[in-house]
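Thanks, everyone, for making time this morning.

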Amino acid sequence: MGIDPGTNVMGYGIIRGIGQKAEMIAMGVIDMRKESDPYLRLGHIYQRVTGIIDEYLPDEIAIEAPFFGKNVQSMLKLGRAQGVAIAAAIQHSVPVHEYAPTKIKMAITGVGTASKEQVAGMLQRILKIESDDMPKFMDATDALGAAYCHFIQLNTPLGGKKYSSWKDFVLKNKTRVK
């Protein structure tokens, strides 16, 4: 399961991994724009994320890390929303993995500065999503991107070893790279 945290609209995406292939099960948004109380919004996030976890029983959750912008208040609100979603996962004993937006974009498009539209388009092609099934809000495809990024990380050769760069990978695997 992937989550794109937000305080107005929070995206979620569910994929199923079968070997080296993934398929989309569901994606959507938790829309909180009608709720003016920020604390009730957090309660709504917790309830909806809990409901989605109960419905789909994900093995793991990938969540997009907050983007470090200039507005501290926005960052604080986003961090709260992310924390509530993480708390719902922890309550259900679902492991959580966090990915930077640039890492997600890189995993899907090959470009860390790709637009939301480019990410959505690539996911549509990769996961064979019909045009009619594409969501109105890009938050849903961003969440699906987090889930797919995590799927890719789990299915990388060399068993998920961490490398700081391509050069680091080559240096540590000289005997394996031919």
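Predicted model: local features only at pLDDT ≥ 70, side-chain atom pairs only at ≥ 80, totals over all residues.

Residues are numbered from 1 along each chain as its sequence is written, and side-chain values use heavy atoms, with hydrogens and water left out.

Helix α1, residues 38–56, has 19 residues and reaches 27 Å from its first C-alpha to its last, close to the 27 Å expected at 1.5 Å a residue, where the expected span is 1.5 Å times one less than the number of residues. At its start, a side-chain oxygen of aspartate 37 comes to within 2.7 Å of the backbone nitrogen of tyrosine 39, and just after α1, leucine 57 takes a positive phi of about 50 degrees.

Which residues of α1 are buried? They are Arg41, Leu42, Ile45, Val49, Thr50, Ile52 and Ile53, buried meaning under 20% relative accessible area with a 1.4 Å probe, protein chains only. The buried residues of α1 pack against several elements, including β2 (9–18), β3 (21–31) and α2 (72–91).

Turning to the rings, a search of the whole structure finds one aromatic pair. The rings of tyrosine 148 and phenylalanine 151 have their centres 5.8 Å apart and their planes at 35 degrees, so the pair is tilted; rings of Phe, Tyr and Trp (its six-membered ring) pair if their centres lie within 6.5 Å, and planes under 30 degrees apart count as stacked, over 60 as edge-to-face and the rest as tilted. Tyrosine 148 and phenylalanine 151 are three residues apart in helix α5 (residues 138–154), and are therefore separated by about one helical turn. Tyrosine 148 counts as buried because its relative accessibility is 12%, and phenylalanine 151 counts as buried at 10%.

Technical notes: Helix = DSSP H or I, 4+ residues; strand = E, 2+ residues; numbered from the N terminus. Buried < 20%, exposed > 50% of the residue type's maximum accessible area, 1.4 Å probe, protein only. Contact = heavy atoms within 4.5 Å. Polar contact = N/O pair within 3.5 Å; in protein donor to acceptor, adjacent residues only side chain to side chain.
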